[in-house]
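Hi,

Here's the structure I promised to pass along. Have a look at it first, and then read on for what turned up.

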Amino acid sequence: MLSPALFLSIEKIKADIKSLESIAGLTTLLKDTKAPAARPKEASLPYKLEAFGMDHPGIVNEVTGVLHRHKINVESLETGVGNAPISGTPVFHMSIKMSVPANIPIVKLKDELSLIENKHNLNITLTPA
């Protein structure tokens, strides 16, 4: 339960957000959420996803789209681009730590990621963490 002072502060932010958007030239989204302890906890399995390949737009979007459809909780996501040793070609790397709901067949998840792997000429590995 929120303290009355904190509740009033949140209500003030909600009331003032439109003028802040106008002044700062921003678009904002406020959404009420529940504390982690108040949400039901589903059984999940820790996994790590690694992706390597030529860098180009859309890789992160497509991979996270698959994870979103399966309601997989992304705990951390890191991306980077380095250069291949001999050619100097930009090489993309992505590392994701995630919690996969226990009811998701891992084979199905791997199949969907394989489609992205083939489309973007990537190497994607999914391993228990």
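Which elements do the buried residues of helix 2 pack against? Bear in mind that this is a predicted model. The partners are strand 1 (44-54), strand 2 (73-83), strand 3 (90-101), helix 3 (106-120) and strand 4 (122-128).

The residues in question are Ile59, Val63, Val66 and Leu67, which are buried in helix 2 (residues 59-69). They sit on the same side of helix 2, because the arc they cover around the axis is only 100°.

The largest pocket comes out at about 510 Å³. It is lined by 14 residues, and Arg39, Pro40, Glu42, Lys71 and Asn73 are the closest to its centre. Strand 2 and strand 3 are the elements that give two or more residues to that lining. By class, the lining of the largest pocket splits into 5 charged, 5 polar and 4 nonpolar residues.

As for the overall layout, the protein has 3 helices and 4 strands, in the order α-β-α-β-β-α-β from the N terminus. Its radius of gyration is 20 Å, well over the 14 Å that the globule rule gives for 129 residues, so the protein is more spread out than a compact globule. The C-alpha trace spans about 60 × 40 × 20 Å along its principal axes, and buried residues make up 26% of the 129.

Cheers

Terms used. Residues numbered from 1 in each chain as written. Predicted model: local features only at pLDDT ≥ 70, side-chain atom pairs only at ≥ 80, totals over all residues. Heavy atoms only, no water. Buried < 20%, exposed > 50% of the residue type's maximum accessible area, 1.4 Å probe, protein only. Arc of directions from axis to C-beta. Contact = heavy atoms within 4.5 Å. 1 Å grid on protein atoms, 1.4 Å probe; cavity = no way out; pocket = protein on both sides within 12 Å on 5 of 7 lines; lining within 4 Å. Points joined across faces, edges and corners; volume = space filled by probe spheres on them. Nonpolar A, V, L, I, M, F, W, Y, C, P; charged D, E, K, R; others polar. Rg over C-alpha atoms; globule rule 2.2 N^0.38 Å.
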